[in-house]
Amino acid sequence: MPYWTEHYGNASSTHAAGREAKAALNADPRRDREDARRLPAQLVFTGGGTESDNMALFGAAEAYGSRGKHIITTQVEHHAVLHACERLERARL
């Protein structure tokens with residue numbers, strides 16, 4: 001539970017929080033499978049950040065498209081988010 005609420009560093013990062021998360025993930029793979037059986041069915045594990053960004057943005061665009069075709073972001077956003085938004089913008093013109 002602490003890795004869901006307090007220590008949620010990116011396990012692919014080299015900073016201390018990421019190294020701690022990676023060590024926890026690698027500590028006991030059995031525990032991960034047991035924990036996953038307790039998770040809500042709506043939770044989706046992805047292979048990485050770009051896939052997660054795409055799923056969130058394209059999913060939101062599909063689910064809420066009838067309400068309008070606006071996703072607001074800024075140029076300081078991660079390039080994976082910007083590229084997804086650019087693709088959505090081109091597709092909706």
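Modeller: A pocket is an open set of grid points with protein on both sides, and its lining residues have an atom within 4 Å of a point. Keep in mind that this model is predicted.

Biologist: Which element gives the largest share of the lining of the second largest pocket?

Modeller: Helix 5, with five residues. Helix 4 (49–64) and helix 5 (79–91) are the elements that give two or more residues to that lining.

Biologist: What is the volume of the second largest pocket?

Modeller: About 350 Å³. The lining has 18 residues, and the closest to the pocket centre are Lys69, His70, Ile71, Cys85 and Leu88. By class, eight lining residues are nonpolar, six are polar and four are charged.

Biologist: Back to helix 5. Why should its 13 residues span 18 Å?

Modeller: The expected span is 1.5 Å times one less than the number of residues. For helix 5 that gives 18 Å, and its end C-alpha atoms are 18 Å apart, so the two agree.

Biologist: Which residues of helix 5 are buried?

Modeller: Buried means under 20% relative accessible area. In helix 5, that holds for Ala80, Val81, Leu82, Ala84, Cys85 and Leu88. Helix 4 is part of what covers them.

Biologist: Which residues make up the largest nonpolar core?

Modeller: There are six: Leu57, Ala61, Val81, Ala84, Cys85 and Leu88. Helix 4 and helix 5 each give two or more residues to this core. Helix 5 gives the most, with four.

Biologist: What is leucine 57 in contact with, leaving aside its neighbours within four places in sequence?

Modeller: Leucine 57 touches Ile71, Val81, Ala84, Cys85 and Leu88.

Technical notes. Residues numbered from 1 in each chain as written. Predicted model: local features only at pLDDT ≥ 70, side-chain atom pairs only at ≥ 80, totals over all residues. Heavy atoms only, no water. 1 Å grid on protein atoms, 1.4 Å probe; cavity = no way out; pocket = protein on both sides within 12 Å on 5 of 7 lines; lining within 4 Å. Points joined across faces, edges and corners; volume = space filled by probe spheres on them. Nonpolar A, V, L, I, M, F, W, Y, C, P; charged D, E, K, R; others polar. Buried < 20%, exposed > 50% of the residue type's maximum accessible area, 1.4 Å probe, protein only. Contact = heavy atoms within 4.5 Å. Core = buried A, V, L, I, M, F, W, Y, C linked by side-chain atoms within 4.5 Å.
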